[in-house]
Amino acid sequence: MPRLTKKAASLGLAVVIDDPAFARNLKVEMRSAVRNPRLLEALTDVTVAAAQEGQKFKHGRKIGTLGPWRKRIAAMLKRDPALKNQALWEALKAAPPRGWTHIESSQFGERFEGPTGGHEFKPATFRTYASEERQKLKG
């Protein structure tokens, strides 16, 4: 566990890095730290100390794990490596991952919208994923 600096201790800042609410609490503290430069400096010291101790990230996807789109593209290309992008896109339109909806609009173009707001999968991202998965198959 990283030690608190004298600045952090003098401000009464006691943070337990292993606490799952650490990131949430840090966000709140950072908002109030904008008005208090000493607190901001102390919080920065604590996070740098945690980084130097090698604290692992506990949230997010594990390294090497694929998302729903990349999994689907990789599986289709594994079955038929000669599949062209247009045919692959049409196959994805016919059967998108669970919760995703295909949308075509004159304003935003063709895309998939995710199960929660703010998630999009556009043709440009699709082409990048398809290209990377083809390169992985070639070895």
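# Briefing: core, hairpins and salt bridges

Glu110 has a relative accessible area of 25%, so the residue counts as partly exposed. The model is a predicted one. Its largest nonpolar core has twelve residues. The structure also holds nine salt bridges. Glu110 takes part in one of them, with Lys93.

**The nonpolar core**

- The largest nonpolar core includes three tryptophans: Trp69, Trp89 and Trp100.
- Phe112, Phe121 and Phe126 belong to this core as well.
- H4 gives the most, with four residues.

- Leu88, Trp89 and Leu92 are the buried residues of H5.
- Seen down the helix axis, these buried residues of H5 fall within an arc of 100°, so they line one face.
- An α-helix has 3.6 residues a turn, so residues three or four places apart point the same way.
- Gln86 and Ala94 are exposed, on the face of H5 turned away from its buried side.
- The buried residues of H5 pack against two helices, H4 and H6.
- They also pack against strand S1 (101-105), strand S2 (109-113) and strand S3 (120-121).
- Leaving aside residues up to four places away in sequence, Trp89 touches His102, Glu110, Phe112, Phe121, Lys122, Pro123 and Phe126.

**The strands**

- S1 and S2 run antiparallel and pair over five bridges.
- Three residues join S1 to S2 in a hairpin.
- Across this pairing, Ile103 stands opposite Arg111 in S2.
- S2 also pairs with S3 in the antiparallel sense, over two bridges.
- Here Glu113 stands opposite Glu120 in S3.
- The hairpin of S2 and S3 has six residues between the strands.
- In its turn, Gly118 has a positive phi of about 90°.

- Glu133 lies in helix H6.
- Glu133 counts as buried because its relative accessibility is 6%, and buried means under 20%.
- Arg70 is buried too.
- The side chains of Glu133 and Arg70 meet in a salt bridge, at 3.2 Å from N to O.
- Arg70 lies in helix H4 and Glu133 in helix H6, so the pair ties together parts 63 residues apart in sequence.
- Not counting residues up to four places away in sequence, Glu133 touches Arg70, Ile73, Ala74 and Leu77.
- Glu133 and Arg70 are also part of a network of salt bridges, linked with Glu132 and Lys136.

**Salt bridges at the strands**

- Lys93 and Glu110 meet through their side chains in a salt bridge of 3.3 Å, N to O.
- Lys93 lies in helix H5 and Glu110 in strand S2, so this pair ties together parts 17 residues apart in sequence.
- Lys93 counts as partly exposed, at 24% relative accessibility.
- Glu120 forms a salt bridge with Lys122, and their closest N and O atoms are 3.4 Å apart.
- Glu120 is partly exposed, at 39% relative accessibility.
- Lys122 is also partly exposed, with a relative accessible area of 40%.

Terms used:
Residues numbered from 1 in each chain as written. Predicted model: local features only at pLDDT ≥ 70, side-chain atom pairs only at ≥ 80, totals over all residues. Heavy atoms only, no water. Core = buried A, V, L, I, M, F, W, Y, C linked by side-chain atoms within 4.5 Å. Buried < 20%, exposed > 50% of the residue type's maximum accessible area, 1.4 Å probe, protein only. Contact = heavy atoms within 4.5 Å. Arc of directions from axis to C-beta. Pairing = 2+ DSSP bridges. Salt bridge = Lys/Arg side-chain N within 4 Å of Asp/Glu carboxyl O.
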